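Open your viewer and get ready to click along. We'll hop from one selection to the next and see what turns up at each stop.

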Amino acid sequence: KKEIINKPGPLDDSEWAEMQKHSLWGWEIVKDHPELSERTKRAILEHHEEKTGKGYPHQREWKDVDLYSKIVGISDIFNALTTNRSYSKSRNPFEAFELMKDKIQHKFDLDLFKALVKIYGGQITDLKD
């Protein structure tokens, strides 16, 4: 719903529950598409699963989440942090990396994070898994 996506402040519990359905809805749209690979379909479904097993929509164990899903997930986080949103101003890449490192490491694979940082010419040596 547009009003949820464009809301300028934090989502309430019912809005957040609605927002968490988007990966299931996306998967429903593509699940029978013959030209998309199963890994692509899985990435649409699993891109909000977390290392802690508390992601959505299925709270999968991290070992059961496909690598492509993990790549799409960390890319989605980085994109959300580096673009203007109704609820947040964009950050530069290094501000985004700092926030990811300091506040939300539980959401993504640390090896993928290190690789993403290297793409931007940085390095991280003090991550703890």
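Start by selecting R42: with a relative accessible area of 33%, this residue is partly exposed. Here buried means under 20% relative accessible area, exposed means over 50%, and partly exposed is in between, using a 1.4 Å probe and protein chains only. R42 is found in helix 4. Helices are DSSP runs of H or I with at least four residues, strands are runs of E with at least two, and both are numbered from the N terminus.

Before going further, note that you're looking at a predicted model, where local features need pLDDT of at least 70, side-chain atom pairs count only at pLDDT 80 or more, and totals for chains, interfaces and linings use all residues. Residues are numbered from 1 along each chain as its sequence is written, and side-chain values use heavy atoms, with hydrogens and water left out.

Which residues is R42 in contact with, leaving aside its neighbours within four places in sequence? They are D64, V65, D66 and S69, where contact means heavy atoms within 4.5 Å.

Now colour the whole of helix 4, residues 38-46. Its buried residues are K41, A43, L45 and E46, and these pack against helix 3 (22-30) and helix 5.

Next stop: helix 3 together with helix 4. Their axes come within 7 Å and cross at roughly 155 degrees. That makes the two helices, helix 3 and helix 4, roughly antiparallel. For these labels, angles under 35 degrees count as roughly parallel, over 145 as roughly antiparallel, 65 to 115 as roughly perpendicular, and the rest as oblique. The axes are lines fitted to C-alpha atoms, for helices over the stretch in contact, and angles run from 0 to 180 degrees between N-to-C directions. To see who touches whom, select S23, L24, G26, W27 and V30 in helix 3, which meet K41, I44 and L45 in helix 4.

Move on to Y56, in the loop between helix 4 and helix 5. Is Y56 buried or exposed? Y56 is buried, with a relative accessible area of 10%. Apart from neighbours within four places in sequence, its contacts include W16, Q20, H22 and L45.

Now pick helix 5 (residues 67-82) and helix 6 (residues 93-103), whose axes come within 9 Å and cross at roughly 125 degrees. Helix 5 and helix 6 are therefore oblique to each other. Show the side chains of I74, I77, F78, L81 and T82 in helix 5 and of P93, A96, F97, L99 and M100 in helix 6, and you have the contact.

Finally, zoom out. How many helices does the protein chain have? There are seven, with zero strands. The radius of gyration is 15 Å, close to the 14 Å that the globule rule gives for 129 residues, so the chain is as compact as a globular protein of that length. That radius is taken over C-alpha atoms, and the rule is 2.2 Å times the number of residues to the power 0.38. Buried residues make up 33% of the 129 residues.
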